[in-house]
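Please keep the 3D view open as you read.

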Amino acid sequence: MTSSPYKALFQPFELGHLTLKNRIISTCHAPAYAEEGIPGERYQRYHEEKARGGLAMTMFGGASSVSRDSPPSFGQLNVSDDRIIPHFRAFADRIHAHDVPLVCQLSHAGRRTRPDGNYWLPTVAPSALREPAHGAMPKIIEPADIRRIVADYAAAARRCSEGGLDGIELLVSGHLIGQFWSPLANTRSDGYGGSLENRLRFGMEVLDAVREAVRRDFIVSLRFTANEFIDGGITEEDGIAIALAHAKSGLVDCLNVSGAANWTKAGVAETVPSMAFPAGRFVELAGKVRRASGLPVLHAAGVGDLATANFAVSEGHVDLIGMTRAQIADPHIVRKHLEGKDEEIRPCVGAGYCIDRIYRGGDALCLHNAVTGRENTFTHDTSAAGTTRKVVIVGAGPAGMEAARVAAERGHKVTVLEAQSDPGGQVAYAARIPWRQNMIGITRWLYDRCLSLGVDFRFNIYAEAEDIQRLSPDVVILATGGLPETGQIAGGDMLGNSVWDVLSGEAPLGGRVLVYDETGGQSGPTVAEYIASAGSQVELVTPDRMIAENVGVTNHAIHLRNLYAAGVTIRPDWRLIGLERADNRIRATLRNEYSAQEDVQDYDQVVIETGTVPMDDLYEDLAVLSVNAGQSEIAALIEGRQQPAVVEGTTDPDSFALFRIGDCVSARGIHAAMLDANRICKVL
């Protein structure tokens, strides 16, 4: 182990009965890996990888349900009955083997869920006020409900205690306890409403019951919002008063401080800040709570690098720092740093892909680390291959460079041919607007790692079959990507520009610009923001019911914020039918998806985003020369096995195994491209 310059970050810390070996935590979240509400093998191995990676404590089970009328809405755990206890014991044994404590988060969601699932029970809340993010209109909670739910919290805490866990965290922010706290959710006039003391009463009753139900050496943490940053909501002064009240109660060991109102769609983007926000934006708020309360304070919200984490601790703002998304990007961040291998740490760029997938009903996956969450099939430790092969990769975008990195780490001799003069592919276009500049960190890290591993990059080469054959490869991997498709629209190929044309700077910008987006991704809003920032009048049109329909809330909210601020006109439900020349302008015919009404408008420029089509000429030329006709075995891909064409090999020096990955197969995004690369190269 090497000495770290981040002295404060790697000091041990006493938290109740626990001695934590450093200050770095993975905080509670729900990755949607649960199997019928149970943390099974996939769930446990995901957390075990972080424990192996050297963190101080791992917290799991974001918003785990304590009651049947708090149904999981995004794959949470179910702690409302005893069947989970043996699974907790197995989980605890697995994590404790790495000298890491294990803590579960408990919650009753109150109105922050949907009533049309599980048992179809009404949501409950202090008052009958609709929750904006989920749209639930709750039943007003009655005294009998309060007694029942307090008992449910205690029973769930007992299960955690009997399951061998080291503690629990009660999720307050936006959930039932927090709904009692916030004046925007609680308009009661009884003993649970009005004054701050009354609004805290329900949560205090829960804490009393929990303490009675668990063993003495058991941590109880409270994750709460110390400032909702919304008119009429919890203020900073309220947050400090709340912290003081809980410190005086003696019922909690730790405060996990957050900010913003996670019960609005715009607020979610602030609560789980993406690359659009500065790092550690709530760290100072946490520090104020720490100094006022005297309790240990944990904080987690957009701290993605060790320098920021060390600052938060060394300046006395926090005692423990959550780096949850950073550990999704690289669960071995601590170990690599302490071993002096900082250059190997895959950075979290704050893309929000992990959290956005959860809010859209998917499982948590890192945008550019395809192994996280797939520990049952892949490993984060790349092992040396038994046979060294010559690998030629065509394309230096994310897919090609990830393939090159993994193959080189396996010990293969890797050559990358790239038509452009620089690496990066389409990521360079995504990073053209200021708040998405961190995206370039994906390909910058990949390129640097490849160089350190001895990968031979050859730029400005538009590779043809003969170029590949001259290199006498054993394996050829095509990552040539795709080309923008504008020909689906009449006149589009002649009169329209692609997103690439604009973001590359090749197409001059017009005064009045139509951006037409059929993909529902981030490309359309990104180019609209880019053009509007240059002073053009922009209209963003989509046939979908809203722009960026396939983008999760933390990114969608930022696009909307910026587009509205820039004066961009947003028109959902309209399809671009055709373009024609009208004097020195472009005439666009739009048709409403539902009424079939047509609208004809003249623009100075039309930008069309209808996706890409694979560049497959090279594939067709090479497939007939390869031992596998360019085909991958699907079963081997899914199961993480080596491809048969590589296992069987070839004695013909003029032949090779051929594979395609990324957008040159079909346009599916960065994560799919990285997964393609790993499936082929992890076992190459």
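## Helix 8 and its cover

The cover over the buried residues of helix 8 includes strand 9 (219–225), helix 6 (236–249), strand 10 (254–258), strand 11 (297–299) and helix 9 (306–314). Contact here means heavy atoms within 4.5 Å, and helices (H or I, at least four residues) and strands (E, at least two) are DSSP runs numbered from the N terminus. Helix 8 itself spans residues 283–293, with Val283, Leu285, Ala286, Gly287, Val289 and Ser293 buried. Buried means under 20% relative accessible area, exposed over 50%, and partly exposed in between (1.4 Å probe, protein chains only). Just after helix 8, Gly294 adopts a positive phi of about 80°.

A word on the model: it is predicted, so local features need pLDDT of at least 70 and side-chain atom pairs count only at pLDDT 80 or more, while totals for chains, interfaces and linings use all residues. Residues are numbered from 1 along each chain as its sequence is written, and side-chain values use heavy atoms, with hydrogens and water left out.

## Two nonpolar cores

A nonpolar core is a set of buried Ala, Val, Leu, Ile, Met, Phe, Trp, Tyr and Cys residues joined through side-chain atoms within 4.5 Å. The largest has 90 residues, and Leu106, Phe202, Phe224 and Leu255 have the most contacts inside it. Helix 3 (residues 143–162) gives the largest share of this core, eight residues. A second, separate core has 68 residues, including Val349, Ile558, Ala645 and Met674.

Beyond its neighbours within four places in sequence, Leu106 contacts a set of residues including Ser64, Val66, Tyr153, Ala156 and Leu171.

All five residues of strand 25 (residues 605–609) are buried. Gln605, Val607 and Glu609 are on one side, with Val606 and Ile608 on the other, and both faces are covered.

Two strands pair if DSSP finds at least two bridges between them. Strand 19 (residues 512–517) runs parallel to strand 25 and is joined to it by five bridges, with Val513 partnering Gln605. Strand 18 (residues 497–498) is also parallel to strand 25, through two bridges, and there Asn497 partners Val607.

## Two contrasting residues

Is His47 buried or exposed? At 0% relative accessibility, His47 is buried. His47 lies in helix 1 (residues 41–52) and, not counting residues up to four places away in sequence, touches His29, Thr58, Met59, Phe60, Phe91 and Ile95.

Asp99, in the loop between helix 2 (85–96) and strand 5 (102–107), is exposed, with a relative accessible area of 57%.

On a 1 Å grid over the protein atoms alone, a cavity is a set of points where a 1.4 Å probe fits but cannot get out, and a pocket is an open set with protein on both sides within 12 Å along at least five of seven lines; lining residues have an atom within 4 Å of a point. Grid points are joined across faces, edges and corners, and a volume is the space filled by probe spheres set on the points.

The second largest pocket has a volume of about 860 Å³. Of its 45 lining residues, Arg223, Thr271, Val272, Arg325 and Ile355 lie nearest its centre.
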